[in-house]
Amino acid sequence: MKLREGPSYRRDADRNPFLRDRFMVPSALLARLRAIAFVSALAALTAGARECQAIDLSGQWSGTWASGNTRHHGPLQAEFVRLNDSEYEVFFKGKFFAILPFRYSVVMSASEQDGVVTMSGSKYLGRMFGTFQFSAAVTDTHFNANYSSCKDHGCFEMTRCSYASCCET
């Protein structure tokens, strides 16, 4: 028996309905299986990329601070600098009594769950103010934090600066 190769299979399939059904279905099925495999692989890669992307808080933020002990409040700006996957150094600057500037930085640990980054840290600000403890809940656009020390407690509220709405320096 001589084996046929190449186009002769196609000619035979065109002439004989039995051969047409026998040889056309597997190629159509194979094409469908390839398409399903491609779509599945693409979906798996896309889902994996979404899971790995953590919210990056780096950049400029602007808002206000308010004391819970006194009625003091004022403007507040911050720059977030990512140190690694779980820490940021945050450089705060603002005004007290509307004219006295302050500046300090805090290294804050960060962990993300369901699109919200939970941050915490502490900073010793000298004998006059003591050690401040910070805890915050942060989304891609909003920063809400509470602070406390032996002499004061209060909150920070900021939003991320964008190119459309620049933060004042």
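V81, L83, F91 and V107 form a nonpolar surface patch of about 290 Å². Patch members have over 30% relative accessible area and no salt bridge, with nonpolar side chains (Val, Leu, Ile, Met, Phe, Trp, Tyr) joined within 5 Å. The model is predicted, so local features need pLDDT of at least 70 and side-chain atom pairs pLDDT 80 or more, while totals for chains, interfaces and linings use all residues. Numbering runs from 1 along each chain as its sequence is written, and side-chain values use heavy atoms, without hydrogens and water.

**Surface patch**
- F91 is located in strand 3 (residues 87-96), strands being DSSP runs of E with at least two residues, numbered from the N terminus.
- F91 counts as partly exposed because its relative accessibility is 36%, which lies between the limits for buried (under 20%) and exposed (over 50%), with a 1.4 Å probe and protein chains only.

**Largest pocket**
- The largest pocket holds about 600 Å³ of space.
- Its lining has 20 residues, and F96, F102, F129, F132 and D152 are the closest to the centre.
- A pocket is an open set of points on a 1 Å grid where a 1.4 Å probe fits, with protein on both sides within 12 Å along at least five of seven lines; lining residues have an atom within 4 Å of a point.
- Strand 4 supplies the largest share of the lining, 5 residues.
- Strand 1 (59-67), strand 4 (100-113) and strand 6 (131-138) each contribute at least two lining residues.
- The lining comprises 13 nonpolar, 4 polar and 3 charged residues.

**Loop residue D114**
- D114 sits in the loop between strand 4 and strand 5 (116-124).
- D114 is a residue other than glycine with a positive phi, near 55°.
- D114 is exposed, because its relative accessible area is 74%.

Notes. Patches are made of residues with over 30% relative accessible area and no salt bridge: like charges are joined within 9 Å, nonpolar side chains (Val, Leu, Ile, Met, Phe, Trp, Tyr) within 5 Å. Accessible areas come from the Shrake-Rupley method with a 1.4 Å probe; for residues, only the protein chains shown count as cover. A salt bridge is a side-chain nitrogen of Lys or Arg within 4 Å of a carboxyl oxygen of Asp or Glu. Helices (H or I, at least four residues) and strands (E, at least two) are DSSP runs, numbered from the N terminus. Grid points are joined across faces, edges and corners, and a volume is the space filled by probe spheres set on the points. Ala, Val, Leu, Ile, Met, Phe, Trp, Tyr, Cys and Pro count as nonpolar, Asp, Glu, Lys and Arg as charged, and the others, Gly among them, as polar.
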